Amino acid sequence: MEAARLDFINAARLHVDPRHNKLTQVPVSRPPLHQATGPSTGLPPTGRATPDTSSA
């Protein structure tokens, strides 16, 4: 999995700017798990909860 991630990162970097050097080590930075989005999390794709507009 990490090798595939490294290949993807290098391909993306070279696509954006061909002057980039290839990385030989996978960057450590990843989004925290608690900020996941999507239908299973109940959060919209923006990652933020929608404001409650109901009157209490």
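Modeller: Take Thr24, which is exposed because its relative accessible area is 78%. One caution: this is a predicted model, where local features need pLDDT of at least 70 and side-chain atom pairs count only at pLDDT 80 or more, while totals for chains, interfaces and linings use all residues. Residues are numbered from 1 along each chain as its sequence is written, and side-chain values use heavy atoms, with hydrogens and water left out.

Colleague: Where does Thr24 sit relative to the secondary structure?

Modeller: Helices (H or I, at least four residues) and strands (E, at least two) are DSSP runs, numbered from the N terminus. Thr24 belongs to the segment after α1, and α1 spans 2-16. The C-alpha atoms of Thr24 and Leu6 are 7.8 Å apart, although 18 residues separate them along the chain.

Colleague: Is Asn10 buried or exposed?

Modeller: Asn10 counts as buried, because its relative accessibility is 7%. You'll find Asn10 in helix α1. For its neighbours, contact means heavy atoms within 4.5 Å. Leaving aside residues up to four places away in sequence, Asn10 touches Asn21, Lys22 and Leu23.

Colleague: How many salt bridges does the structure hold?

Modeller: A salt bridge is a side-chain nitrogen of Lys or Arg within 4 Å of a carboxyl oxygen of Asp or Glu. This structure has two. One joins the side chains of Glu2 and Arg5, at 3.6 Å from N to O. Both residues are in helix α1, three residues apart, or about one turn of the helix.

Colleague: Why does Glu2 count as partly exposed?

Modeller: Because its relative accessibility is 36%. Arg5 also counts as partly exposed, at 21%.

Colleague: Which residue forms a salt bridge with Arg19?

Modeller: That's Asp17, with the closest N and O atoms 3.1 Å apart. Arg19 itself is exposed, since its relative accessible area is 71%.

Notes
Buried < 20%, exposed > 50% of the residue type's maximum accessible area, 1.4 Å probe, protein only.
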